[in-house]
Amino acid sequence: NGVIMGYTLQVFNTQQSLLRETNISSNGTTVNSLLPFTTYLFRVAAMTVVGRGPYSENLTVITKEDVPDGPPGNITITMVTPYSVALQWNPPTPDKQNGVIVSYTINVMTDDQVQRMVVQSNA
């Protein structure tokens with residue numbers, strides 16, 4: 001028991017690896033530079049002049065989704081008829097998806113115009 005001098009905040013990933021540890025003087029802070037659609041574990045301990053007390057229980061947070069950071073890969077196109085083609089692709093790599101892929105946008109370009117189609121994801 002004593003006068004609280006500050007707090008230690010720890011941030012972990014889901015494998016329990018410590019990502020950062022910060023000493024703060026107030027009883028609140030903002031944690032920046034987190035990745036989108038990622039699970040983090042947070043815990044806090046109070047400190048006195050004698051030392052650090054026990055940590056709180058872990059609080060789990062999943063950050064919000066964001067637009068993908070990477071494009072679809074392994075794109076192939078096959079002529080089906082003289083007037084149609086079949087397109088296939090793989091989703092962006094998991095580390096570049098930043099959320100659940102719900103659709104893809106396909107731009108079909110001719111000499112004088114662009115036609116945009118949205119295709120729902122099968123995932």
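A residue is called buried when its relative accessible area is under 20%, exposed when that area is over 50%, and partly exposed in between (1.4 Å probe, protein chains only). By this criterion N98 is buried, at 8% relative accessibility. The structure examined here is a predicted model, in which local features need pLDDT of at least 70 and side-chain atom pairs count only at pLDDT 80 or more, while totals for chains, interfaces and linings use all residues. Residues are numbered from 1 along each chain as its sequence is written, and side-chain values use heavy atoms, with hydrogens and water left out.

The arrangement of the strands is described first. Helices (H or I, at least four residues) and strands (E, at least two) are DSSP runs numbered from the N terminus, and two strands are said to pair if DSSP finds at least two bridges between them. Strand β1 covers residues 6-12, and 6 of its 7 residues are buried, so this strand is largely enclosed by the rest of the structure. Strand β1 runs antiparallel to strand β3 (residues 39-47), to which 7 bridges join it. Within this pairing, L9 has V44 of β3 as its bridge partner, and F12 stands opposite L41. Strand β1 is also joined to strand β2 (residues 18-24), again in the antiparallel sense, by 6 bridges; here T8 stands opposite N23. The hairpin of β1 and β2 has 5 residues between the strands, and Q16 takes a positive phi near 65° in this hairpin.

With strand β5 (residues 59-62) it pairs over 4 bridges, and T39 is placed opposite I62 of β5. Strand β4 (residues 52-55) is joined to β3 by 2 bridges, with R52 of β4 as the bridge partner of M47. The hairpin formed by β3 and β4 has 4 residues between its strands, and in the turn G51 has a positive phi of about 155°.

Aromatic contacts were examined next. Rings of Phe, Tyr and Trp (its six-membered ring) pair if their centres lie within 6.5 Å; planes under 30 degrees apart count as stacked, over 60 as edge-to-face and the rest as tilted. A search of the whole structure finds 2 aromatic pairs. In one of them, Y40 and F42 form a tilted pair, with 6.4 Å from centre to centre and 50° between the planes. Y40 is buried at 5% relative accessibility, and F42 is likewise buried at 14%. The rings of W89 and Y104 have their centres 5.2 Å apart and their planes at 65°, so this pair is edge-to-face. This pair links distant parts of the chain, since W89 lies in strand β7 and Y104 in strand β8 (residues 103-109), 15 residues apart. W89 is partly exposed, with a relative accessible area of 23%, whereas Y104 is buried at 13%.

A contact between a charge and a ring is also present. A charge sits over a ring if NZ of Lys or CZ of Arg is within 6 Å of the ring centre and within 35 degrees of the ring normal. The charged end of R43 sits over the ring of Y55, at 4.1 Å from its centre.

The surface was then considered. Accessible areas come from the Shrake-Rupley method with a 1.4 Å probe, and for residues only the protein chains shown count as cover. A nonpolar patch of about 490 Å² is made by I75, I77, M79, V85 and L87. Strands β6 (73-81) and β7 (84-90) each supply at least two residues of this patch, and the largest share, 3 residues, comes from β6. I75, located in β6, is exposed, with a relative accessible area of 56%.

Individual backbone features complete the description. N74, also found in β6, has a phi near 50°, a positive value in a residue other than glycine; N74 is exposed at 59% relative accessibility. N98 has a positive phi of about 60° although it is not a glycine, and its place is in the loop between α1 (94-97) and β8. In strand β8, T105 is partly exposed at 49% relative accessibility. T105 and V118 are 13 residues apart in sequence, and their C-alpha atoms are 4.5 Å apart in space.

Definitions and conventions
Patch = residues over 30% accessible without salt bridge, like charges linked within 9 Å, V, L, I, M, F, W, Y side chains within 5 Å. Salt bridge = Lys/Arg side-chain N within 4 Å of Asp/Glu carboxyl O.
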